[in-house]
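Please consider the structure shown below, beginning with the way its chains meet.

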Amino acid sequence: MTAMPRFLLVFVGLLALAFGLELTPWAQAFLVTPWTDGVARVSGALMRMFDASITTTGNVIATTRSAFAVAIEAGCNGVEATLVLAAAMLAFPATWRHRLAGIVVGAAAVQLLNVVRVVSLFYLGQWNQQVFEWAHLYVWQALIMLDVLIVWVIWVRIAGRHESLPDDAQPA
Amino acid sequence: MARSEPMTTQTADAPAPRAPTVAGFTLRVLAWLPIAFAVWYFAAPVLLSPVVLLLRGVAWLGFADLVRGIEQSAAIATFVTALRPGDIAPRGVLTVDINLLLYAFGMPLFAALTFAAHEADWKRHLALGYVVLLPCAAWGGLADFLKNVAITAGPAVAAQTGFSAWQREAIAFAFQFGSLILPAVAPAVLWVALHGRFVAALRHRERK
């Protein structure tokens with residue numbers, strides 16, 4: 001089997017496995033829900049640096065200035081995007097050291113942009129509901145996946161620079 | 001360059017094409033995204049009509065007892081069911097509106113990525129991407145409809161569907177996969193699969 005089909009097959013298999021595990025009640029209770037609450041807390045803390053009206057409760061970010069609030073749900077916590085990135089790095093031929101470093105740094109990059117998404121959506125929602133819907137449902141979804149793709153490409157370059165990958169390791 | 005020559009052939013005096021950079025590529029994608037989103041949104045009634053055809057085919061094949069018809073209005077697919085809404089309207093039938101844009105936003109992403117890479121085969125890639133992303137959008141739309149009637153609509157409607165417990169679990173998984181993973185991942189994976197040389201060129205530049 002050539003490099004590209006093998007890469008895609010392993011990637012899809014790993015992603016399906018990771019996504020299936022993510023949906024189990026155990027993972028939801030002990031990993032996803034605490035993580036989502038953490039995203040809300042970090043986003044809220046960041047916003048409080050310039051907006052003292054921000055409050056957070058669980059996965060909900062609110063403002064004392066109005067009745068507006070957002071709840072961070074599945075798809076907005078960056079978990080799925082991180083799983084996609086991790087599966088793509090694990091499926092690509094590289095050393096385990098590079099994979100581990102890539103997943104840690106890449107996950108941080110994805111989560112950083114996700115916090116930017118949450119903060120921007122919180123203020124967009126107070127400004128214009130239609131713009132919020134567009135940004136929330138379509139634009140930011142695409143931007144987060146673009147982030148995953150760019151991080152993966154950069155990682156592939158770095159992993160390839162530090163070691164001699166076989167020619168067929170390139171997904172060409 | 002003559003049409004019959006391979007695309008990689010260069011004359012002795014012609015400058016070699018510049019290898020792409022990740023930064024340049026990212027900026028080009030970001031520049032193309034608003035254009036692609038605008039075209040996608042305004043052309044959605046046409047772009048998504050094959051998705052509705054696919055949904056009709058699948059509903060006819062697999063859910064003929066549940067679905068009487070599927071109508072399209074702009075980007076909304078309305079499933080007209082054979083289900084009763086319950087005590088609220090005992091003579092009525094249940095209809096479910098599904099916003100297909102939710103499951104098709106990968107189309108503008110794929111188009112922006114393809115335009116940014118600007119390979120010789122970009123038209124073929126664009127057409128291929130569109131065709132491959134159609135069933136992905138149909139998956140999301142169908143899973144959303146099934147989730148609505150089997151889970152969200154409540155026990156009075158769910159009981160009429162005849163789905164067992166494990167079938168409802170499968171529907172929930174299909175919906176989560178079709179809404180959280182497939183619409184975003186499919187265009188990215190497809191783009192990598194079709195642009196292996198471009199991705200390799202990005203690597204090559206860094207390794208010089």
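Predicted model: local features only at pLDDT ≥ 70, side-chain atom pairs only at ≥ 80, totals over all residues.

Residues are numbered from 1 along each chain as its sequence is written, and chains are lettered from A in the order in which they are written.

In chain B, 35 residues are in contact with 35 residues of chain A (heavy atoms within 4.5 Å). The area buried between the two chains is about 3,200 Å², with carbon and sulfur atoms giving 82%; buried area is the accessible area (1.4 Å probe) lost on putting two parts together, summed over both. On the side of chain B that touches chain A, the elements giving two or more residues are helices H1 (22-42), H4 (106-117), H7 (165-194) and H8 (196-207) of chain B. Helices here are DSSP runs (H or I, at least four residues), as are strands (E, at least two), numbered from the N terminus. The largest share, 12 residues, comes from H7(B).

Chain B also holds an open sheet of three strands in the order S1-S2-S3, with antiparallel pairing; two strands pair if DSSP finds at least two bridges between them. Its edge strands are S1 (67-73) and S3 (95-99) of chain B. Strand S2 (residues 76-81) of chain B pairs with S3(B) over five bridges, and Ala77(B) stands opposite Ile98(B) in S3(B). Helix H5 (residues 122-152) of chain B packs on this sheet and touches S1, S2 and S3 of chain B.

Technical notes: Heavy atoms only, no water. Axes fitted to C-alpha atoms, helices over the stretch in contact; angles between N-to-C directions.
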